[in-house]
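Please examine the sequence and the three-dimensional structure shown here. The explanation below then leads through them step by step.

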Amino acid sequence: MKRFSYARPTEVSEALAEAEGEDVYFLAGGTNLVDLMKENVERPRHLVDITHLPLDRIEEVGSGLKIGALVPNSDLAHDPRVAERYPLLSLALLNGASPQLRNSATTGGNLLQRTRCYYFYDVATPCNKRDPGTGCQAIGGLTRLHAILGASPHCIATHPSDMCVAMAALDAVVHVESASGARTIPFEEFHRLPDDTPERDTTLEPGELVTAVELPPTRFDKHYTYLKLRDRQSYAFALVSVAAAMHLEDGVMTDVRLALGGVAHKPWRDRDAEAFLSGKAPERAHFSDAADVVLAQARGQGANDFKIELAHRAIVRALDQAARGSPQSITDKRIA
């Protein structure tokens, strides 16, 4: 591990002042960053510990909620307001990691966690995400966990978060601050596809700090699910996950949300599929057609070709669960 300097400010303004210069990292729960530092994947010059900033509250904002960046994943999942008004988010969080990790991981840190691509973690191999311009060893390599949507010739890594898939479906908004001021970023615009700069996971600018995530009011407290398919149910990242939610009125879907995880460099929200389903009856034939819309541009890398069919089946199953008001159980992990 490279030597680094360290600061622990108690105010946001102090943290932003510490963030000037290159190779400065904010540290919260550290469940991902510390591992990356140990492996010499991330090599900060200066570490700014933000765990003492006043960013650990969940506040009412109109009919929505504003979640501080330091709210632990476990607190967020079990908050009564979240469980009642945003059960899709609560379910996604409870599908992520282990209870011990959820106790440490924070809302802001979850947004910023990096891919679990084997080649990204192996500093002995070329990786455009870790060292731009060196190549992507994953292409033509071990690709079972890699992207089928939105990949580029420079990177086929996937985004690992469960929480972010639900937040994408819920139209969350990310609040950030820097020395030059504050701004908000719609969730769909927060994470990036790799294109020719895969080293950039998000649209954050240098020195910007995530301070909160805001959830707008929704009508998805009854018809929703988070379906996560993985190699082992105890604790693993998604091969494919689906956040599905809908509002039913007079027997038709009037508002539909559909986002996927484990398939792209960012949480994959498909508004075309949502528009296709709007106004239709909640029938499996329509769900299958919507899955075709989502996966029209899907491309495998050989070892992950199975993900295309797996994603199709998962989308249909998740939409069916949401329509029936029978979200996937956390305790009984058989697919409903």
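This is a predicted model: local features need pLDDT of at least 70, side-chain atom pairs count only at pLDDT 80 or more; totals for chains, interfaces and linings use all residues.

Residues are numbered from 1 along each chain as its sequence is written, and side-chain values use heavy atoms, with hydrogens and water left out.

A patch consists of residues with over 30% relative accessible area and no salt bridge, where like charges are joined within 9 Å and nonpolar side chains (Val, Leu, Ile, Met, Phe, Trp, Tyr) within 5 Å. Accessible areas come from the Shrake-Rupley method with a 1.4 Å probe, and for residues only the protein chains shown count as cover. A nonpolar patch is made up of M1, F4 and Y6, which together have about 320 Å² of accessible area. M1 is found in the segment before β1 (5–7). Helices (H or I, at least four residues) and strands (E, at least two) are DSSP runs, numbered from the N terminus. With a relative accessibility of 53%, M1 counts as exposed; the term exposed means over 50% relative accessible area, buried means under 20%, and partly exposed lies in between (1.4 Å probe, protein chains only).

E18 belongs to helix α1 (residues 12–18) and is partly exposed, at 31% relative accessible area.

Helix α5 (residues 87–94) has another setting. Seven of its eight residues are buried, so the helix is largely enclosed by the rest of the structure. The buried residues are P87, L88, L89, S90, L91, A92 and L93.

C117 is buried, at 10% relative accessibility. The sulfur of C136 is likewise too far for a bond, with the closest cysteine sulfur, in C155, at 5.6 Å. C136 is partly exposed, at 22%. The structure holds zero disulfides.

Salt bridges, by contrast, are present. A salt bridge is a side-chain nitrogen of Lys or Arg within 4 Å of a carboxyl oxygen of Asp or Glu, and the count by this rule is 23. One of them joins D162 to K228, with the closest N and O atoms 2.8 Å apart. D162 lies in the loop between α8 (118–121) and α9 (163–169) and K228 in strand β9 (residues 224–229), so the pair ties together parts that are 66 residues apart in sequence. Both residues, D162 and K228, are buried.

D320 has a salt bridge with R284, at 3.5 Å between the closest N and O atoms. Because R284 is in helix α12 (residues 284–294) and D320 in helix α13 (residues 306–324), this pair ties together parts 36 residues apart in sequence. D320 also forms a salt bridge with R324, at 3.0 Å. R324 and D320 are four residues apart in helix α13, so about one helical turn separates them.

How values were computed:
A disulfide is a pair of cysteine sulfur atoms within 2.5 Å.
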